[in-house]
Amino acid sequence: MPMDETSASVVGERTDSGGAVAAPLSSAVQFERDFMYSPLARILRRRPVTCLPGVSVREVLERINEAKVGSMVVTDDRGEKPVGVFTLRDLLQRVSLADYDLSRPVSEVMTKALVTLPSHVSAYQAAVVMARHGLRHLLVVDNGRLVGVVSQNDVLSLQRLGAREVGLA
C-alpha cells in the first residue's frame, strides 16, 4: 500500500512523485560501515583493567566483578606491556574445574599466548581475527604498550545496532 506524504513525514521517510517510499536505509548502512571500518582506537570505550602477575586469583576475580568486565590484562611490572590475560574462560577451565587455590598468583592460570592488534586496525579486521582465533577479548597494543581491550560484545553490539536501525527503517 503506497504511503501518502502525511504518513511518510510521520516516520521520516520521503516519497517520490508517484507515492513510492524513498528508503532512507543509507544512514543506517553508512553507520554500520563507518563503524566496522573505523580504527580500533576510535571504539575503545574505557581504560583496560590490569594487574601485575603476582596478584592473587581471588583479587583478580573481585576486580573483574567490580569493573563489570570479562577479562583482566596482566602486565609487566611497569604496567605497560601485556604479558597475559585472564578471562572467564580461564576461570572455568583452569580454576573452577581444577579446584585451584584462589590465593595463588594469576600468572599461573592466565593465558600467555596473546593475540594483539595495533590501534589503527579496523573493527572489521579485529572481528575477523577474533573469529579465526575463537577470542572474546582482543588486546590493542601500540609499540608494545597496552592501549585497550576490544571485546566481542564491543564489536557485535554496535554492528547489531546498525542492523536494528536497518530493520526499523
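**Salt bridges in a predicted model**

Good morning. I begin with D90, which forms a salt bridge with R94, the closest N and O atoms lying 3.3 Å apart; by salt bridge I mean a side-chain nitrogen of Lys or Arg within 4 Å of a carboxyl oxygen of Asp or Glu. This is a predicted model, in which local features need pLDDT of at least 70, side-chain atom pairs count only at pLDDT 80 or more, and totals for chains, interfaces and linings use all residues. Residues are numbered from 1 along each chain as its sequence is written, and side-chain values use heavy atoms, with hydrogens and water left out.

Both D90 and R94 belong to helix α5 (residues 88-96), four residues apart, about one turn of the helix. Helices (H or I, at least four residues) and strands (E, at least two) are DSSP runs, numbered from the N terminus. D90 is buried, at 3% relative accessible area, while R94 is partly exposed, at 34%; buried means under 20%, exposed over 50%, and partly exposed in between, with a 1.4 Å probe and protein chains only.

By this rule, there are five salt bridges. Another of them joins the side chains of R45 and D154, at 3.8 Å from N to O. R45 sits in the loop between α3 (40-43) and β3 (50-51), and D154 in helix α7 (residues 152-168), so this pair ties together parts that are 109 residues apart in sequence. R45 is exposed, at 52% relative accessibility, whereas D154 is buried, at 15%.

Finally, R78 and E80 meet in a salt bridge of 3.7 Å, N to O. R78 is exposed, at 68%, and E80 partly exposed, at 26%. Together with R145, R78 and E80 are linked in a network of salt bridges.
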